[in-house]
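User: I have a new model open. Show me how to read its features, one at a time.

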Amino acid sequence: SAWRFAVLGLGDSSYDQFCKAGKDLDRLLGELGASRLVTGPSGLAALHGGPCGAADEQGGLDTLVEPWATHLLTRLAPPPD
């Protein structure tokens with residue numbers, strides 16, 4: 001599929017359904033054949049709640065969101081000449 005995506009759920013792990021909407025969207029897009037650009041803040045599968053990124057307010061969103069966004073930007077950058 002030509003469709004590529006990246007999902008970062010924001011939430012608080014003290015809730016039972018931590019980042020459920022983001023995880024559900026990530027799963028659905030994967031089932032529809034789209035390709036993941038980012039699988040977590042450092043690009044490792046199963047990091048932070050599964051294939052999608054999930055930033056936990058308990059640990060401070062800055063510590064997860066910035067590395068995840070930086071990794072996404074490197075994946076979107078054109079290949080070097």
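User: How many salt bridges does the rule count here?

Analyst: A salt bridge is a side-chain nitrogen of Lys or Arg within 4 Å of a carboxyl oxygen of Asp or Glu. By this rule the count is four. This is a predicted model: local features need pLDDT of at least 70, side-chain atom pairs count only at pLDDT 80 or more, and totals for chains, interfaces and linings use all residues. Residues are numbered from 1 along each chain as its sequence is written, and side-chain values use heavy atoms, with hydrogens and water left out.

User: Which residue forms a salt bridge with Glu31?

Analyst: Arg27 does, with the closest N and O atoms 3.3 Å apart. Both lie in helix α1, four residues apart, about one turn of the helix. Helices (H or I, at least four residues) and strands (E, at least two) are DSSP runs, numbered from the N terminus. Salt bridges that share partners join Lys20, Asp24, Arg27 and Glu31 into one network. Within it, Asp24 and Arg27 meet at 3.9 Å, N to O.

User: Where do the partners Arg36 and Asp26 lie?

Analyst: Their side chains form a salt bridge at 2.8 Å, N to O. That pair links distant parts of the chain: Arg36 is in strand β3 (residues 35–36) and Asp26 in helix α1, ten residues apart.

User: What does Asp12 do without a salt bridge?

Analyst: Asp12 is buried, and the nearest side chain of opposite charge, Lys23, is 12 Å away. For charge, Lys and Arg count as positive and Asp and Glu as negative; His and the chain ends are not counted. The Asp12 side chain makes a polar contact with the side chain of Ser14 at 2.7 Å. A polar contact is a pair of N or O atoms within 3.5 Å; within protein, one must be able to donate a hydrogen and the other to accept it, and residues adjacent in sequence count only if both atoms are side-chain atoms.

User: Which residues of α2 are buried?

Analyst: Leu64, Trp68 and Leu72. Seen down the axis of α2, the buried residues fall within an arc of 55°, so they line one face. The arc is that of the directions from the helix axis to the C-beta atoms. The face turned away carries exposed Asp62, Thr63, Glu66 and Leu73.

Key
Buried < 20%, exposed > 50% of the residue type's maximum accessible area, 1.4 Å probe, protein only.
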